[in-house]
Amino acid sequence: MIKSNLGYFSKIEPFGTVDGPGVRTVFFLAGCPLRCLYCHNPETWAYQNGNSLTSDEVLKMVKRYQAYYGKDGGVTFSGGEPLAQSEFLIETCSLLRSNGIHVALDTSGVGNPLYHEKVLDQVDLVIYDLKAADSDLYRRITSQPIDPTEVFLSTLQRVGTPIWIRQVIVPKINDTEENLEATAQKIATLQNVVKVELLPYHTMGRAKYDKLHIAYPLEDTPAMDIEHCKRLNESLIRRIEEIRNTNR
């Protein structure tokens, strides 16, 4: 585990608008155990890679931008997988929240379960990347078993943190009725879900693979049609409500 008072970042985006509510400073932490087929940030895979900051340095940076956050904005920790640096995350999130700053965690839920509850106790919102509800499809997409993220999700339900759920939709991989039904069934069982988003797969990260001399897994896969993805999103939300209404 990376030293608790030093975090490693692949990049920092001062004024993000898509990684949580309002205007946010987004810290992309280094390190990720997953190898998702559609990952567009392969430079974040390596641990202890990139710039390093202490928790105090993060707070100092955030305070420079805090005036832009308004009532809805704040800080988001993304990645990579931020749970790869859980000790640093616990310390830093606690410091930010004690200074009145809203904290969101953008995660796939893969990390050391010993730290899950302590992390969630210091987070206002979880943006949960639901790779797949089906275990076989999950392994196909991520190259890893589904069990670790299921452990995180169980803890998340127990703690009760508000959740945004996201899933990247890739043509001919998970844009199927089977995946959408499994996803709807899964989400319908979860509490504290305030938003559900299907994100269209894009190919903008392909150049990074070339630069890093890594084979691009989806070389022959086109970008997901944005309008079709929106329709799938609407259908998914309707199906979630149908399931919930049936189970009441």
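**Close-up 1. Four phenylalanines in one cluster.** In this predicted model, F9, F27, F77 and F88 come together as one aromatic cluster. Zooming out for a moment, the structure as a whole holds 8 aromatic pairs.

**Close-up 2. Y128 and F152, a stacked pair.** A quick reminder before the numbers: two aromatic rings are described by the distance of their centres and the angle of their planes. For Y128 and F152, that works out as 6.3 Å centre to centre with 15 degrees between the planes, so the pair counts as stacked, being under 30 degrees.

Close-up 3. Y209 and Y216 are both buried.

**Close-up 4. Lysines over rings.** K11 puts its charged end over the ring of F28, 4.7 Å from the ring centre. In another spot, K195 lies over the face of W164, with 4.2 Å to the ring centre.

**Close-up 5. Helix 6 and its neighbours.** Helix 6 (residues 177-188) runs for 12 residues and spans 16 Å from first C-alpha to last, close to the 16 Å expected at 1.5 Å a residue. Its buried residues are N179, L180, T183, A184, K186, I187 and A188. What do the buried residues of helix 6 pack against? Their partners are helix 4 (135-142), helix 5, strand 7 (163-169), strand 8 (193-200) and helix 8 (226-247).

How values were computed:
Residues numbered from 1 in each chain as written. Predicted model: local features only at pLDDT ≥ 70, side-chain atom pairs only at ≥ 80, totals over all residues. Heavy atoms only, no water. Phe/Tyr/Trp six-rings, centres within 6.5 Å; stacked < 30°, edge-to-face > 60°. Buried < 20%, exposed > 50% of the residue type's maximum accessible area, 1.4 Å probe, protein only. Lys NZ or Arg CZ within 6 Å of the ring centre and 35° of its normal. Helix = DSSP H or I, 4+ residues; strand = E, 2+ residues; numbered from the N terminus. Expected span 1.5 Å × (residues − 1). Contact = heavy atoms within 4.5 Å.
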